[in-house]
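Subject: Handing over a structure

Hello,

Here is the structure I said I would pass on. Please open it first, then read my notes below.

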Amino acid sequence: MSENLGKKYSFCQLLENSSNAIVIPLIQRDYVQGKQNKEEVRNDFLKKIYDYFEKGENQDLDFVYGYTKDNKYIPLDGQQRLTTLFLLHTYLSHISGNEDKWKELISSDNQFKFRYEVRRSSTEFCKSLVNHGINFKEFESQKNKFETFGKYVQNLYWYKLSWNLDPTVSSMVNMLFEIHEMFKSKPSYYDLLFSKENPVLTFLFLDLENLNQGDELYIKMNARGKMLTPFENFKARFEEKIGLLFKDNDIKRVLDYGEKSIELNTKDYFSFKIDSVWSNLFWCYRSLVGDPNNYDDEIFNFIKEILLYHFIKSNIDSDLLEQILKSKLETFNQLND
């Protein structure tokens, strides 16, 4: 795969076409899309996926950056999406009666092919989830006996109570519940997800080794620490907004990076630029204001100032301007409004 720059893969194709396991590296943050305080981000992402299934047409989930080393595929950015895809594959294979096929695909030579180096307990949970599964029909019939879905899962015979200390496991359980709530009546979506000819969900794999950016970009992507920053949440939704704005009138943009050239739509062009070329620029100024480990702040402030400037140019409502200038403007909804 290392020779393929910007090549499209589904989650299944990545597992089928490579003997490598998908391994979340030690320095990466925990899985957080399922955290209680990430409800807006989680619901938006799942709703987007659901809409893709409803259309039944192939859709890309943006870039996944990474490289291969020692028989491991190591994602540097995109592990949140990959983990959610792992959970979605596990869920749909279970409710559609295809657990055995999924077990065969996700394992090779007794090696589980989706692993977390952050904590061994995360991998143990993923492996047990695939091997033993959750009986969601039983949960529906017994949910009145349990305070939450998490309490039901903790009561399963294969669940280790020590996993309660792992924030990634807790987040995965929350996400599984949200997936269940949205997809429980859609076992037919299994065929769309696992299709070899036309999978409904794919991503663009970008091998950083080809760009000679592996170590440098790895440091920058993880300098922001373990928690998702406001900018990361904003950026994900801003990219979706760009995709909608250019949906019916897009142009192909040629990205020249080093000795490589790839042709991208506007959304993917922006996504790559802001995670690499423009990050390189703002990285130089990370120590000027605030915590140098959160260099996202500089990029976020720059974008907010541009948006604010253009808004002020086209509005003369003094009361509205005063209200906006007093606001911190920290969320996508605020800036979008």
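Buried means under 20% relative accessible area, exposed means over 50%, and partly exposed lies in between (1.4 Å probe, protein chains only). On that basis, 49% of the chain's 337 residues count as buried.

Two notes on how to read this. This is a predicted model, so local features need pLDDT of at least 70 and side-chain atom pairs count only at pLDDT 80 or more, while totals for chains, interfaces and linings use all residues. Residues are numbered from 1 along each chain as its sequence is written, and side-chain values use heavy atoms, with hydrogens and water left out.

**Overall make-up**

The chain has 16 helices and 10 strands. Helices (H or I, at least four residues) and strands (E, at least two) are DSSP runs, numbered from the N terminus. Contact means heavy atoms within 4.5 Å. Among contacts between residues at least 6 apart in sequence, 74% join residues at least 24 apart.

**The cores**

A nonpolar core is a set of buried Ala, Val, Leu, Ile, Met, Phe, Trp, Tyr and Cys residues joined through side-chain atoms within 4.5 Å. The largest one has 61 residues. Phe11, Phe53, Phe86, Phe125, Ile134, Phe183 and Leu201 have the most contacts inside it. Take Phe53. Beyond its neighbours within four places in sequence, Phe53 is in contact with Leu88, Leu92, Phe183, Tyr189, Leu192, Leu193, Val200 and Leu201. Another core, of 17 residues, lies apart from the largest one. Phe270, Trp283, Ile299 and Leu329 are among its members.

**Helix α2 against helix α8**

Helix α2 covers residues 39–55 and helix α8 covers residues 167–183. Their axes come within 11 Å and cross at roughly 40°. Axes are lines fitted to C-alpha atoms, for helices over the stretch in contact, and angles run from 0 to 180 degrees between N-to-C directions. The crossing of α2 past α8 is right-handed. That word applies if the near helix is turned clockwise from the far one by less than a right angle; anticlockwise is left-handed.

On the α2 side, the contact uses Arg42, Asn43, Leu46, Lys47, Ile49, Tyr50 and Phe53. On the α8 side, it uses Met175, Glu178, Ile179, Met182 and Phe183. These residues divide into 8 nonpolar, 1 polar and 3 charged. Here Ala, Val, Leu, Ile, Met, Phe, Trp, Tyr, Cys and Pro count as nonpolar, Asp, Glu, Lys and Arg as charged, and the others, Gly among them, as polar.

Lys48 sits in α2. Lys48 counts as buried because its relative accessibility is 16%. Leaving out residues up to four places away in sequence, Lys48 touches Leu61 and Glu240. Met172 sits in α8. Met172 has 0% relative accessibility, so it counts as buried. The C-alpha atoms of Met172 and Gln33 are separated by 8.1 Å, though the two are 139 residues apart along the chain.

**Helix α3 against helix α4**

The axes of helix α3 (residues 79–95) and helix α4 (residues 99–106) come within 8 Å and cross at roughly 145°. Phe86, His89, Thr90, Ser93 and His94 of α3 meet Glu99, Trp102 and Ile106 of α4. This contact divides into 3 nonpolar, 4 polar and 1 charged.

**The strands**

Two strands pair if DSSP finds at least two bridges between them. Strand β3 (residues 59–69) runs parallel to strand β8 (residues 201–207), with 6 bridges. Tyr65 has Leu206 in β8 as its bridge partner. β3 also pairs with strand β4 (residues 72–77), antiparallel, over 5 bridges. There, Gly66 partners Pro75 in β4. The β3 and β4 hairpin has 2 residues between the strands, and Asp70 takes a positive phi near 50°.

β2 (residues 21–24) points Ala21 and Val23 one way and Ile22 and Ile24 the other, and all are buried. β2 runs parallel to β4, with 2 bridges, and Ala21 stands opposite Lys72. β2 also runs parallel to strand β7 (residues 114–116), with 3 bridges. Ile22 stands opposite Phe114 in β7.

Lys72 is partly exposed, because its relative accessible area is 24%.

Best wishes
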